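Student: Could you take me through one part of this model closely? I would like to look at the salt bridges.

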Amino acid sequence: MSVTPTSASQARSFDGIAASYAANRPSYPPELLDAVEDITGSPLKGARVADVGAGTGLATMVLRDRGAKVVAVEPGPEMAAQCRLHLPDVPVVIGDGNSLPLASASIDVLTYAQAWHWTDQRKSVPEALRVLFG
Ligand SMILES: C[S@@+](CC[C@H](N)C(=O)[O-])C[C@H]1O[C@@H](n2cnc3c(N)ncnc32)[C@H](O)[C@@H]1O
């Protein structure tokens with residue numbers, strides 16, 4: 001696991017290609033969500049899920065479609081705008097995995113779909129533990 005923080009400019013680089021990302025990036029297969037349910041031992045239906053680094057909402061969408069009560073957390077305003085465009089029924093919050101804009105012990109499952117490596121794990125690990133367990 002990398003603990004090297006990326007620069008803010010690298011982390012924000014997705015914002016400049018948000019529309020292209022939304023148009024071209026493939027989504028996730030159902031087997032991935034099956035694996036999440038196997039690992040957590042609980043169905044996603046009804047679970048409070050925060051999809052961190054949600055981008056344009058690809059993983060957010062499949063989580064929502066499984067019946068999760070999902071909130072998208074995304075630092076890039078343009079990526080967040082694409083997420084809102086495609087998922088108008090899902091709350092999208094501007095925020096960062098290193099300092100989550102979520103209350104302590106408010107979330108059952110955290111996902112970081114191809115986004116975990118963009119966080120600084122010295123900060124994102126304690127943040128994850130805080131929002132999951134308080
Ligand atoms: C490869 S994209 C993945 C987007 C989406 N989860 C998906 O599966 O398509 C990586 C995302 O991580 C976001 N990101 C960058 N730094 C972040 C950080 N420190 N915390 C949370 N997300 C971050 C980027 O803005 C970008 O939307």
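Tutor: Start with arginine 64 and aspartate 65, which form a salt bridge in this predicted model. Their closest N and O atoms are 2.8 Å apart. Now check how open each partner is. Arginine 64 has 26% relative accessibility, so it counts as partly exposed. Aspartate 65 has a relative accessible area of 52% and is exposed; the cut-off for exposed is over 50%.

Next, go to arginine 122 and aspartate 120. Their side chains also meet in a salt bridge, at 3.2 Å from N to O. Arginine 122 is exposed, with a relative accessible area of 55%. Aspartate 120 is buried, at 7%. Buried means under 20%.

Then look at helix α6, residues 121-133. Glutamate 127 and arginine 130 both lie in this helix. They sit 3 residues apart, about one turn of the helix. Their side chains meet in a salt bridge, 2.8 Å from N to O. Glutamate 127 has 13% relative accessibility, so it counts as buried. Arginine 130 is partly exposed, with a relative accessible area of 22%.

Salt bridges can also join up. Asp34, Glu37 and Arg66 are linked in a network of them. For the whole model, the count comes to 8 salt bridges. Among them is the pair we began with, arginine 64 and aspartate 65.

Terms used
Residues numbered from 1 in each chain as written. Predicted model: local features only at pLDDT ≥ 70, side-chain atom pairs only at ≥ 80, totals over all residues. Heavy atoms only, no water. Salt bridge = Lys/Arg side-chain N within 4 Å of Asp/Glu carboxyl O. Buried < 20%, exposed > 50% of the residue type's maximum accessible area, 1.4 Å probe, protein only. Helix = DSSP H or I, 4+ residues; strand = E, 2+ residues; numbered from the N terminus.
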